[in-house]
Amino acid sequence: MNEAQRLQALHATGLLQSGNEERLDRIARLAAHGLNAKVAFVSLLDGDTQHFKARHGTDLTQTARGIAFCDHAIRNPDEVMIVPDARLDPRFADNPLVTGDMQIRFYAGQPLVTRDGHAIGTVCVIDDAPREGLGERERAVLADLAETVMVGIALSQQIEDLSVVNAELKHRMGNMYAHIGSLVSLIGRDTPDKDTLI
């Protein structure tokens with residue numbers, strides 16, 4: 001994973017600069033309800049920070065990337081990461097999200113992967129009770145929600161690109177009409193008065 005390219009792909013989405021988006025909040029709600037989880041996030045992994053772009057079941061907006069479960073999930077972009085009981089996982093047993101107020105036990109995160117293969121975050125669910133894992137249907141739900149996020153991001157970028165092209169076309173058309181107006185006025189000045197031609 002090339003971190004510099006991954007971060008460039010993340011920033012290109014514009015999601016870190018935009019405000020709350022209902023479409024992403026809806027994804028978090030669907031993840032929580034669809035997988036019967038207390039908390040769900042659409043997370044984005046910046047250089048040092050995990051941003052929760054959307055959340056359900058908590059008001060938490062970010063954590064340090066160093067303690068983020070999702071930081072581990074994005075290392076394998078092609079598969080969902082499942083932690084049945086974080087207390088028994090050596091990667092997370094001492095994590096403050098496990099030992100502190102969040103009391104994370106179960107985690108499942110599906111990476112958000114750009115068309116160029118960069119994992120920029122996850123759709124994830126967490127619970128304060130351990131689970132054996134996820135069934136095939138639940139894995140499919142999480143994968144579909146992650147794909148829905150990425151399709152939405154791609155469409156937003158295309159709309160933004162079209163807006164830039166449209167603005168440029170308007171500018172050029174304005175210049176063209178100004179030139180045509182100037183030519184018409186010059187031609188009008190050079191044409192003899194029709195009364196002098198009789």
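I began with the buried residues of H2, and they are Leu24, Asp25, Ile27, Ala28, Ala31 and Ala32. I then checked how they sit around the axis: they cover an arc of only 155°, so they lie on the same side of H2. A reminder to myself that this is a predicted model.

Next came the extent of the helix. H2 takes in residues 22-34, 13 residues in total. From first C-alpha to last I get 18 Å, close to the 18 Å expected at 1.5 Å a residue.

I also looked at what follows H2, and found asparagine 36 with a positive phi, near 50°.

On to strand S1, residues 39-45. Are its residues buried or exposed? Seven of the seven are buried, so I noted the strand as mostly covered, taking buried to mean under 20% relative accessible area. I sorted the side chains by direction too: Val39, Phe41, Ser43 and Leu45 point one way from S1, while Ala40, Val42 and Leu44 point the other way. Both sets are buried.

Then I looked up the partners of S1. Which strands does S1 pair with? One is S6, residues 119-127, which runs antiparallel to S1 and is joined to it by six bridges. Here I picked out serine 43, whose bridge partner in S6 is threonine 122.

The other is S2, residues 49-56, also paired with S1 in the antiparallel sense over six bridges. For alanine 40 I found histidine 56 as the bridge partner in S2.

Conventions. Residues are numbered from 1 along each chain as its sequence is written. This is a predicted model: local features need pLDDT of at least 70, side-chain atom pairs count only at pLDDT 80 or more; totals for chains, interfaces and linings use all residues. Side-chain values use heavy atoms; hydrogens and water are left out. Helices (H or I, at least four residues) and strands (E, at least two) are DSSP runs, numbered from the N terminus. The expected span of a helix is 1.5 Å times one less than its number of residues. Buried means under 20% relative accessible area, exposed over 50%, partly exposed in between (1.4 Å probe, protein chains only). The arc is that of the directions from the helix axis to the C-beta atoms. Two strands pair if DSSP finds at least two bridges between them.
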